[in-house]
Amino acid sequence: MSVEVKVPVLPESVADAIVATWHKQVGDTVSIDENLVDIETEKVVLEVPATVDGVIKEIRAEEGATVGEQEVIAIIEEGATAAAPVAKEEPATEEKPAAVVEETDSGNADDADKLSPAVRKMLAENNLEASSIKGTGKNGRILKEDVQNALKAASAASSTSTPEVKTAQAGERNERRVPMTRLRSTIARRLKEAQDTQAMLTTFNDVNMQAVMNLRKEYKELFEKKHGTRLGFMSFFVKAAVEALRRFPAVNASIDGNDIVYHDYYDVGIAASSPRGLVVPVLRDVDQLSFAGVEKTIGEYGKKAKDGKLTMDDLVGGTFTISNGGTFGSMMSTPIVNPPQSAILGMHRIEDRPVAENGEVVIRPMMYLALTYDHRIIDGSESVLFLRTIKECLEDPARLLLEL
């Protein structure tokens, strides 16, 4: 019996998706719940598993194709088994091409037949032989990532070439045109929309991180031993942000038409980089989370982002966002608001700077903070006082425990 493989139900507001990577090809045996193909939407990559045991009979949407919700993209013949390859008899007078002879001699002909179209294209474009690449897929199958890793290794090796070789390549003016991923395209569109529709303004302050660093140094080993997660700086900023959001609810609100929607909960998005681009997983009800709960959730999201396992539920919503450019060494920036939110807090690198304390110049670990906000809903005084509240909470962490 033939069973249709359909695009899963897409999240609300997502009209279509792109077929990213087929993990199976026509003729391959599949097991129930085995991932067949990755579907890339504007926000996440969805896995489409097999619903029955059988063999891939037909693929109707190749990699790169745009597909809609519930569209049939493949057919599985339920209960079938993969047929054994049949040797083709060739005329005795016909001489096989050298490349085919080499593959047959090395025993890789069947492997070549199982390469996905995307992998074949990458091999051809870069003049690579499949036999020279070690596959990490199922049964040693070569994936696109394997080809990309081989190209990176070759590029690293070429960097150690002699000066004469570098000089010969210096005059080349190559260009590569690569389509934007759906996620990158969405990021570009939403950021531009934010600039076009919001009256964005950024205010700055700096914070002395000495108290937080001392507290973290004193308790980080005990904290990790008890809670099983490291004590980072982000949990302090999340907790300080919640206290500031309580005092200034407009920063936690959003505009909907002619209405202001005030949120009586605190869902904080943590902007993070991933192999696919910028993602903003959301910590729900952070006012009810402990420091350990915040750190554990951030750690889980970080691993899921790295592995490409973030779900739509992880990314939707959010009433406020924190972005940590300091991870990459940024000294100061003006982050862009993530609509429909009204504000975003930017963290930056910590560096020793001279500051005045009690009439004396001392060296302290300082960080610049930036709050970009929608001036249509948040007044300048509110933004300044909001940022000052975060500064006060971080410079005297006891305020976070006492809610002062």
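Modeller: An axis here is a line fitted to C-alpha atoms, for helices over the stretch in contact, and angles run from 0 to 180 degrees between N-to-C directions. Helices (H or I, at least four residues) and strands (E, at least two) are DSSP runs, numbered from the N terminus. This is a predicted model, in which local features need pLDDT of at least 70 and side-chain atom pairs count only at pLDDT 80 or more, while totals for chains, interfaces and linings use all residues. Residues are numbered from 1 along each chain as its sequence is written, and side-chain values use heavy atoms, with hydrogens and water left out.

Helix α8 (residues 234–247) packs against helix α11 (residues 380–395) at an angle of about 135°, and the two axes are 9 Å apart. That angle makes α8 oblique to α11. From α8, the residues in the contact (heavy atoms within 4.5 Å) are F236, F237, A240, A241, E243, A244, L245 and R247, and α11 supplies F386, T389, I390, E392, C393 and L394.

Two strands pair if DSSP finds at least two bridges between them.

On one side, β4 is joined by 5 bridges to strand β5 (residues 45–49), and the two run antiparallel. N35 stands opposite P49 in β5. β4 is also joined to strand β2 (residues 16–22), by 4 bridges and again in the antiparallel sense. Among the partners across this pairing, T21 has D38 as its bridge partner in β4, and V19 has I39.

Leaving out residues up to four places away in sequence, V19 touches V37, D38, I39, A61, E62, E63, G64, A65 and V67. Computed along the chain in residues, V19 and E40 are 21 apart, yet from C-alpha to C-alpha the distance is 6.3 Å.

There is another open sheet of 4 strands, with antiparallel pairing and the order β1-β8-β6-β3. Its edge positions are taken by β1 (2–6) and β3 (29–30), each with a single partner strand, so one side of each has no neighbour in the sheet. β1 pairs with strand β8 (residues 72–78) over 5 bridges in the antiparallel sense. One of these pairs V3 with I76 in β8.

For the setting, the protein has 12 helices and 18 strands. Its 404 residues include 39% that are buried. Of the contacts between residues at least 6 apart in sequence, 63% join residues at least 24 apart.

Technical notes
Buried < 20%, exposed > 50% of the residue type's maximum accessible area, 1.4 Å probe, protein only. Parallel < 35°, antiparallel > 145°, perpendicular 65-115°, else oblique.
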